[in-house]
Amino acid sequence: MRRLRNRLAGALLSVLALTLTATGCGSSSQAAPGDSPGGASAPAGEAVANRVEPLPKRPEPRLPVTVPSADGARVTVKAAERIVPLSGSLSEIVFTLGLGDRVVARDVTATFEQAAELPVVTRGHDVSAESVLSLKPDLVLAETTTGPEEAVDQIRAAGVPVLFVSAAKGLDDVGPRIRAVADALGVPAAGQELTRRSERRIEAVHEDVPHGEKPRVAFLYLRGSASVYLIGGRESGAGSLIEAAGAVDAGAASGLGKDFTAITSEALVKAAPDAILVMSKGLESVGGVDGLVKIPGVAQTPAGMDRRIVSVEDGVLLNYGPRTDQVLKSVVAQLYGEDGAK
């Protein structure tokens, strides 16, 4: 989610004015998770469990280690007793490796049950260096999109090792991200084991995807209270998930090369999605399915006419972490139905 939010931040700067003009909106602040008005829910599908499943055997870190960081530096990790992962996805990896008892704080996107009681070290969507440092961490795990840069620099200046992990772009990033975190924590064997388990489970779901004509799926990013309505393109991060579900990324296929573009009736007609993929809070923020089909152009698409909406919880949809198989399973179940019919 943090990767998505930072990517969206850049996209929003370029499209917000267009969005506000097209929708007649008077507000420019993005809605925070949980501030939406509710409404009709998405079609029932297999929900993603709100817990992570740690490996059966808890590993014991062997430190110190020196590992490459995605920002080009090399980071020496001498201790990992007090870990602060700065994204929901990185938190999931640490907990699933079996080292959740060493995590002392969480990012706002780490919403799974085992992390729910940890203090949040973000303000809105930005890292608070003061909050992080107050917890005396011995290791901070960050995405390459983590910000603001000044906060990360402040944490480093205090002598805390900060390891950057490349932001996830698709299913192929699941294994490398798990291994990067495991290596930094001194548990490389556990990283290999978790990678194998995750990839095996993803493949098992993929093998059960119905064959036949591929539905076109558009990924929409919605924040109704801010009148922000975006359609994902080739760089949105949802493409590989949609393709793994046996579908076509309608935004990319219609020629949208950017990550996100403001929704217009013309863009939706060109994309012609058979189904729409959304985050659950985003769907709630527009008033559920009833509100979604009122967005200009949505009702005129095959997805809008059939009210064919696929909804997955915000904090896990594009994490590309250990629960990705559950995300894919939920998308497949909602997209095709229990009987596999399109």
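Ala 272 lies in the loop between helix 9 (265-271) and strand 12 (275-279), helices (H or I, at least four residues) and strands (E, at least two) being DSSP runs numbered from the N terminus. The model is predicted, so that local features need pLDDT of at least 70 and side-chain atom pairs count only at pLDDT 80 or more, while totals for chains, interfaces and linings use all residues. Residues are numbered from 1 along each chain as its sequence is written, and side-chain values use heavy atoms, with hydrogens and water left out.

**Backbone geometry**

Most residues other than glycine have a negative phi, and most peptide bonds are trans. Ala 272 has a positive phi, near 45 degrees. With 27% relative accessibility, Ala 272 is partly exposed; buried denotes under 20% relative accessible area, exposed over 50%, and partly exposed the range in between (1.4 Å probe, protein chains only). Lys 136, also not a glycine, has a positive phi of about 50 degrees. Lys 136 belongs to the loop between helix 3 (129-134) and strand 6 and is exposed, at 65% relative accessible area.

One joins Leu 63 and Pro 64, with omega about 10 degrees, and Pro 64 sits in the loop between helix 1 and strand 1. The other runs from Gly 147 to Pro 148, with omega near 0 degrees; Pro 148 is placed in the loop between strand 6 (139-143) and helix 4 (149-157).

**The hairpin of strands 1 and 2**

Strand 1 and strand 2 (residues 74-77) are antiparallel and joined by four bridges, where pairing requires at least two bridges found by DSSP. Five residues separate the two strands of this hairpin, and Gly 72 in the turn has a positive phi of about 100 degrees. Val 67 is opposite Val 75 of strand 2.

**Salt bridges**

The whole structure contains 13 salt bridges, each defined by a side-chain nitrogen of Lys or Arg within 4 Å of a carboxyl oxygen of Asp or Glu. Examples follow.

| Pair | N to O distance |
|---|---|
| Arg 197 and Glu 53 | 3.7 Å |
| Arg 102 and Glu 60 | 3.5 Å |
| Lys 281 and Glu 284 | 3.9 Å |

Arg 102, in the loop between helix 2 (88-99) and strand 4 (122-123), and Glu 60, in the loop between helix 1 and strand 1, are 42 residues apart. Arg 102 is buried at 7% relative accessibility, whereas Glu 60 is exposed at 54%.

Lys 281 and Glu 284 both belong to helix 10 (residues 280-285) and are three residues apart, about one turn of the helix. Lys 281 is partly exposed at 30% relative accessibility, and Glu 284 is partly exposed at 31%. Elsewhere, shared partners join Arg 58, Glu 60, Glu 81, Asp 101 and Arg 102 into one network of salt bridges.

**Cavities**

There are three cavities of 30 Å³ or more. On a 1 Å grid over the protein atoms alone, a cavity is a set of points where a 1.4 Å probe fits but cannot get out, and lining residues have an atom within 4 Å of a point. The second largest cavity holds about 50 Å³. Its lining includes Val 217, Leu 241, Ile 242 and Leu 335, and helix 7 (239-244) and helix 13 (324-336) each supply at least two residues of that lining.

Note on methods:
On a 1 Å grid over the protein atoms alone, a cavity is a set of points where a 1.4 Å probe fits but cannot get out, and a pocket is an open set with protein on both sides within 12 Å along at least five of seven lines; lining residues have an atom within 4 Å of a point. Grid points are joined across faces, edges and corners, and a volume is the space filled by probe spheres set on the points.
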